[in-house]
Amino acid sequence: MKTSLSLKLAIAFVATGISVLAQAPPVVTCPPLSAVLCGSPATVTAQVSEPDGQALTVVWAVNGANIQTNALPATNALAVQEVSFTAVLPFGTNLISITATDPDGNSDSCGTTVVVRDVVPPVITSVSANPAVLWPPNHNLIQITVHADVTDDCTATTWKIISVSSNESQTAKGSGHTPADWRINGDHKVKLRAERSGKGSGRIYTITVQASDAAGNLSNPKTVTVTVPHDMGKGNGNANGNANDKNGKGHGKGK
Ligand SMILES: [Ca+2]
Ligand SMILES: [Ca+2]
């Protein structure tokens, strides 16, 4: 159809006395949809031909923005030339369009899609809780704010508290018999009861957090502890002990 149209146009120009013969438009063929992993460069190769052997300008657009132009010299009319574009594309679906234009302004376009996938889960690099020690053990529910640092290879992340546990029964003897000793009240917040068994060595709450990336990949869970010491003379009771407790032996009795 294109040849036929060109022929008609050529005849029309000749008939009207215009000396320039109309040219056939180039033909661009796009590759099918492809997928790459996040962070890996994507290469898209299109085939371009120009029936008149004219030079071509090939413009690449990604998601509507022109980002590469290839200038192809005039060549054998039958030659099919390959033109490529390589870039690290953003996560998700990217629409690639390729337009070839000859010096007469005749053009052809095609489009394809490159899907960038994220298959690597995020990593929680650290978790902290504030406060990390509850004192005095007055049975009040204390608001704890948890902070986590999360990294991901590709996309934005979110994280949240997924569970809380205690090394003591919520109704252990001497614990005040006040069940529901914790309440998760936000992705990054939990209320913990400031109490421990009088006969124990201190209560340790374990808060577990988990992160997700934009593709829904879940991190390994990571934990942080909040303690209610048996008594403050024993040190601050957290997992790191008390660096200031130089007289450690003199404090508390362990169990
Ligand atoms: Ca042409
Ligand atoms: Ca990821």
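Start by selecting R203, which stands opposite V228 in β15.

Before moving on, a word on what you have open. This is a predicted model, where local features need pLDDT of at least 70, side-chain atom pairs count only at pLDDT 80 or more, and totals for chains, interfaces and linings use all residues. Residues are numbered from 1 along each chain as its sequence is written, while chains are lettered from A and ligands numbered from 1 in the order in which they are written.

**Stop one: the three-strand sheet**

Now bring in β11, and you have an open antiparallel sheet in the order β11-β14-β15. Which strands sit at the edges? They are β11 (157–166) and β15 (222–229), each pairing on one side only. Look along the sheet and you'll see neighbouring strands turned by 25° against each other on average, direction ignored. For such angles, axes are lines fitted to C-alpha atoms (for helices, over the stretch in contact), and angles run from 0 to 180 degrees between N-to-C directions.

**Stop two: the four-strand sheet**

Next, select β9, β10, β12 and β13. They make an open sheet in the order β9-β10-β13-β12, again with antiparallel pairing. The edges here are β9 (123–130) and β12, and the twist averages 25° from one strand to the next.

Walk across from the β9 side:

- β9 and β10 run antiparallel, joined by 7 bridges. Click S126 and its bridge partner in β10, D149.
- β10 (residues 141–151) pairs antiparallel with β13 (residues 189–193) over 5 bridges. Click T145, which stands opposite K189 in β13.
- β12 (residues 182–186) pairs antiparallel with β13 over 4 bridges. Click I184, whose bridge partner in β13 is V190.

While you're there, follow the chain from β12 to β13: a hairpin joins them through 2 residues.

**Stop three: the loop between β9 and β10**

Most residues other than glycine have a negative phi, and most peptide bonds are trans. Now zoom in on P131, in the loop between β9 and β10. A cis peptide bond joins N130 and P131, with omega about -5°. Move on to P136, found in the loop between β9 and β10 as well. The bond from W135 to P136 is cis too, with omega near 0°.

H139 is another one to click in the loop between β9 and β10. H139 is not a glycine, yet has a positive phi of about 75°. Is H139 buried or partly exposed? H139 is partly exposed, because 13 other C-beta atoms lie within 10 Å. The cut-offs are 20 or more such atoms within 10 Å for buried, 12 or fewer for exposed, and partly exposed in between, with C-beta atoms placed from the backbone.

**Stop four: N63**

Finally, jump to N63, in the loop between β4 (56–62) and β5 (65–72). N63 has a positive phi of about 55° without being a glycine. N63 has 13 C-beta neighbours inside 10 Å, so N63 counts as partly exposed.

**Zooming out**

Show everything again: the protein has 1 helix and 15 strands. Buried residues make up 26% of its 255 residues.

Note on methods:
Pairing = 2+ DSSP bridges.
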